[in-house]
Structure formats: structure tokens, C-alpha cells
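Hi,

Here is the structure you asked about.

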Amino acid sequence: AKRPPGWGVGGGGGGEPPEAPPEGASDGETPMKWTFATVGSIALVNLAAALFGSNQVLIKLTETEISPSTLNFVRFSIAALAFLPLGLKAGAFKKKKLLSAARELGTYLFIGYTAQVLGLGMTSASRGAVMAEFSVLIVPFWAKLSGQKIPNIVWYASVIALFGVVLVTESDGSGAGFNLGDALCLLSAMCFGTHVFRTEQRTASIDNEDLPGLISLELCLLAVMCGAYELVDLGLHNPGGLQSLNLQQISYHLAHLPWANLVAMGMGTTALTLFIEINALQNISSTLASLIYTTEPLWGALFAAVFLKEKFGGLGYLGAFLIVGSTAYATVKGGVVKQTEKVVKAD
């Protein structure tokens with residue numbers, strides 16, 4: 001194996017000796033190599049964090065009009081249709097390696113998104129954001145179990161960022177106890193964190209030109225699984241079950257769907273963010289990506305203040321400083337390194 005141009009610093013490859021760490025740096029803490037690809041990937045992950053932040057508000061708004069199962073089914077169907085041409089062009093549906101990766105990664109996403117949409121129906125958007133940030137610790141946890149050495153700066157930054165999230169999202173002083181909605185949001189965070197980590201691992205042996213095909217497969221699998229969930233939900237909650245549905249009812253419901261919100265989620269907070277994540281993880285580590293995602297509640301608080309008129313308490317500003325500061329410090333110091341090399345075929 002050899003490291004392609006622009007690949008972050010990791011283990012040795014291609015017969016080249018590993019670069020020596022700078023003076024004062026311990027093993028496993030070699031700073032990232034700041035290349036155009038690395039900087040661009042960091043910027044894109046920050047954009048994804050902003051989109052994820054807006055997603056909390058979009059879900060809360062949309063759930064007032066349709067069921068969680070309908071929301072996810074239409075959302076992921078839109079995203080799957082957007083990427084279907086790329087999947088067909090790449091021949092993704094005929095490649096066993098891509099199909100295997102999509103089955104694993106898509107399952108994490110299905111459980112995560114389903115738990116998220118159900119959880120947000122039983123808890124506030126701010127409390128959901130607190131639970132969502134536990135994905136920051138899930139990624140280093142899996143990385144540690146897989147044998148990677150995680151620099152101490154990652155753990156320090158993660159704990160500080162999580163404390164900042166609590167200040168941002170609990171500054172209203174509600175003090176409500178832990179509930180089922182919080183637990184579902186926590187499960188969602190575990191699935192999303194696992195997806196980030198496993199995406200880095202699975203895409204290490206996948207050619208870059210096959211990545212759009214992988215995204216297409218994941219989204220198609222999501223749409224199918226959410227469609228099955230929608231059928232079960234309709235069968236359980238629709239008067240008369242599935243047998244009572246007719247074309248007139250279906251047409252009426254389609255005409256009255258909140259299409260603007262659903263398209264925004266399908267194209268923006270789903271397809272685009274997945275595209276950003278999979279491509280960015282070719283240049284930065286999943287652990288760094290998870291740290292950048294700690295800025296998500298800041299964006300969520302901003303969008304909630306604008307569209308839901310939610311207040312941003314005084315302690316929230318301190319929390320915002322802790323989140324942004326810890327993430328920026330870990331990024332600039334290069335405490336998170338790319339540890340999974342891209343495997344390329346020999347010429």
C-alpha cells in the first residue's frame with residue numbers, strides 16, 4: 001500500500017519510512033500534515049456540522065405535520081433518488097465490496113436516524129443535542145478498542161466540549177429528568193459515532209471513484225428500510241390497516257406533505273452531509289471529524305433562536321466558547337492524526 005497525495009499523516013506505507021515526529025511529540029501524536037485537501041476537508045466537515053445543527057429544527061417543525069416514519073421515508077427517498085444516477089454510473093449495485101460496506105454502514109444510519117426522529121418527539125431539541133454529542137466520545141472509544149493510540153488531547157478536548165454542550169443546551173434551567181426521548185437520542189449518537197468510525201475503516205480499501213456509488217447504496221438501503229418501517233407504522237396506526245388505503249388517500253397525503261422541509265432534509269442534511277463525510281474522511285481522521293461535530297449544537301441553538309424563538313441563556317455563551325475553543329485547539333495542535341491508510345492497487 002502507498003499513501004496517495006494529500007493523505008494525512010498515519011503509519012508508514014509504500015516502502016517509505018515514517019516521518020519522525022517533531023521534537024517534544026510522543027509516538028502516535030504526529031501532527032497532521034496541513035495540505036489543501038486537509039484544510040478543505042476540515043472546512044467541509046464544519047459545513048456538515050452546520051447542516052446537522054439545522055436538522056434538529058427541521059425535524060421539530062416537520063413532526064408537527066407528519067409522523068416520524070413518513071418523515072424518514074420521504075426524506076431518504078429524496079436523497080436516494082438524488083444519488084441514484086451516480087450509483088448506476090459507477091455500477092455500485094454489482095460490486096460486492098460496496099454492497100457489503102453499504103449494508104453495514106446503512107444499518108447504523110437507519111437505527112440512528114430512526115432513534116433520532118423518535119427521540120426528538122419526546123424530548124426538547126436542546127436535550128437531544130446534548131445526547132447527540134456523545135458521538136464525540138464513541139469514535140475515540142472504538143478507535144481505542146481497535147488498537148489505535150489516541151492522544152490525550154483528544155480526550156481532554158472531548159470532555160471540555162461535552163461540558164460546553166451541557167452549558168449551551170441546559171442554560172434555560174429546565175432541569176427535567178432523563179427520559180425515553182433522551183435515551184433514544186443517546187442511542188442515535190452511538191450509531192452515528194459508530195458510522196463515522198466504520199466509514200473511515202471501510203473506505204480505506206475502496207477507490208475514490210467508487211465513493212459516490214457507496215453513498216448511493218447507503219441511501220437506497222435507508223429508503224427501503226424506512227419504507228418497510230412506514231408500512232408497519234401504517235398497518236398499526238391507520239384505521240382499517242393497509243387494506244383501507246386507496247389512491248385518493250395517498251394522493252391527498254402526498255399533496256399536503258411539507259415538501260420544503262423534506263427536500264431540505266433529503267438534499268441538504270442527508271445526501272450532502274453524507275457526501276461530505278465520506279469524502280472528508282479520506283483526508284482527516286474520524287476522531288477529528290467527531291470533534292468538529294461538537295459545534296453542531298451551536299448551529300442548532302442559532303437556528304432554534306431564529307426559527308423557533310428559543311432563548312440562548314447567559315451560560316450558553318461560556319459553553320459556546322468551550323466547544324469552539326477545545327475543537328479549534330485540538331485541530332491546530334494536530335492532536336488527531338489519520339491512522340487508516342488508503343489501500344491502492346499496485347500498478
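How much space lies in the largest pocket? About 590 Å³. A pocket here is an open set of points on a 1 Å grid over the protein atoms alone, with protein on both sides within 12 Å along at least five of seven lines. Points join across faces, edges and corners, and a volume is the space filled by probe spheres set on them.

Residues are numbered from 1 along each chain as its sequence is written, and side-chain values use heavy atoms, without hydrogens and water.

The pocket has 21 lining residues, meaning those with an atom within 4 Å of a point. Nearest its centre are Thr-70, Glu-230, Leu-234, His-253 and Leu-257. H9 (247-255) gives the most, 5 residues. Helices are DSSP runs (H or I, at least four residues), numbered from the N terminus.

There are also 2 cavities of 30 Å³ or more. In a cavity, a 1.4 Å probe fits but cannot get out. Of its 22 lining residues, Phe-52, Phe-192, Glu-277, Tyr-293 and Glu-296 are closest to the centre. H7 (180-203) supplies the largest share, 5 residues.

One caution: pLDDT averages 79, but stays under 50 over residues 1-29. Where pLDDT is low, the predicted coordinates should not be read in detail.

Best wishes

Methods: Predicted model: local features only at pLDDT ≥ 70, side-chain atom pairs only at ≥ 80, totals over all residues. Helix = DSSP H or I, 4+ residues; strand = E, 2+ residues; numbered from the N terminus. pLDDT = per-residue confidence, 0-100. Contact = heavy atoms within 4.5 Å.
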